[in-house]
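Colleague: Hi, I'm new to this one. Could you walk me through a few strands and residues?
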Amino acid sequence: MKLEGTGIEGLVIKQKALHHVMNKAGFIRGGQWDYERVTYDYKIGSPEKNITYYVRVQGYAIEGDVDSGNAVFKMLTPLLGRHYYPHGVEYGEQEGFSKDLMDRAAKLVERAAGDIKNHQEVV
């Protein structure tokens with residue numbers, strides 16, 4: 001599900017600063033990158049068997065080159081998903097996320113957004 005209103009959507013930041021901020025917030029950059037996007041995930045364990053939750057934050061390069069490390073990213077709306085082993089992550093509203101989980105996920109993103117604002121680029 002989309003985590004609306006966290007304050008991260010639309011923020012603009014240089015790649016190296018973004019990587020620093022997201023690592024500091026506990027997000028791990030996914031190995032799946034391309035020349036236009038970057039993805040960071042925060043893993044949240046669950047007492048449910050074979051269920052793990054992920055908060056996913058993505059950015060889209062608006063200038064520069066991701067491969068060279070000099071890109072500037074515009075941040076997208078973050079997602080909350082449930083991983084079903086071995087099938088993958090589902091992000092739909094029908095996943096029935098608890099209010100506590102949604103609040104925790106939003107707070108994680110809001111904290112990262114606050115740091116991104118300190119490094120924000122003017123475009």
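Modeller: Happy to! Keep in mind that this is a predicted model.

Colleague: Nice. Which residue in β5 is the bridge partner of Val12?

Modeller: That's Lys74.

Colleague: And how many bridges join β4 to β5?

Modeller: Four, and these two strands run antiparallel. As one spot to look at, Ala61 stands opposite Phe73 of β5.

Colleague: Let's switch to single residues. Where is Thr52?

Modeller: Thr52 sits in strand β4, which covers residues 51–63.

Colleague: Is Thr52 buried or exposed?

Modeller: Thr52 has a relative accessibility of 16%, so it counts as buried; the cut-off for that is under 20%.

Colleague: What does Thr52 touch?

Modeller: Leaving out residues up to four places away in sequence, Thr52 touches Lys43, Ile44, Gly81, Arg82 and His83.

Colleague: What about Tyr53, buried or exposed?

Modeller: Tyr53, also found in strand β4, is buried, because its relative accessible area is 8%.

Colleague: Which residues is Tyr53 in contact with?

Modeller: Setting aside neighbours within four places in sequence, its contacts include Tyr42, Gly45, Ser46, Phe97 and Leu101. Glu48 is another of its contacts, and the side chains of Tyr53 and Glu48 are joined by a polar contact of 2.7 Å.

Colleague: Last one: what separates the C-alpha atoms of Tyr53 and Asp41?

Modeller: A distance of 9.8 Å, with the two residues 12 apart along the chain.

Conventions: Residues numbered from 1 in each chain as written. Predicted model: local features only at pLDDT ≥ 70, side-chain atom pairs only at ≥ 80, totals over all residues. Heavy atoms only, no water. Buried < 20%, exposed > 50% of the residue type's maximum accessible area, 1.4 Å probe, protein only. Contact = heavy atoms within 4.5 Å. Pairing = 2+ DSSP bridges. Polar contact = N/O pair within 3.5 Å; in protein donor to acceptor, adjacent residues only side chain to side chain.
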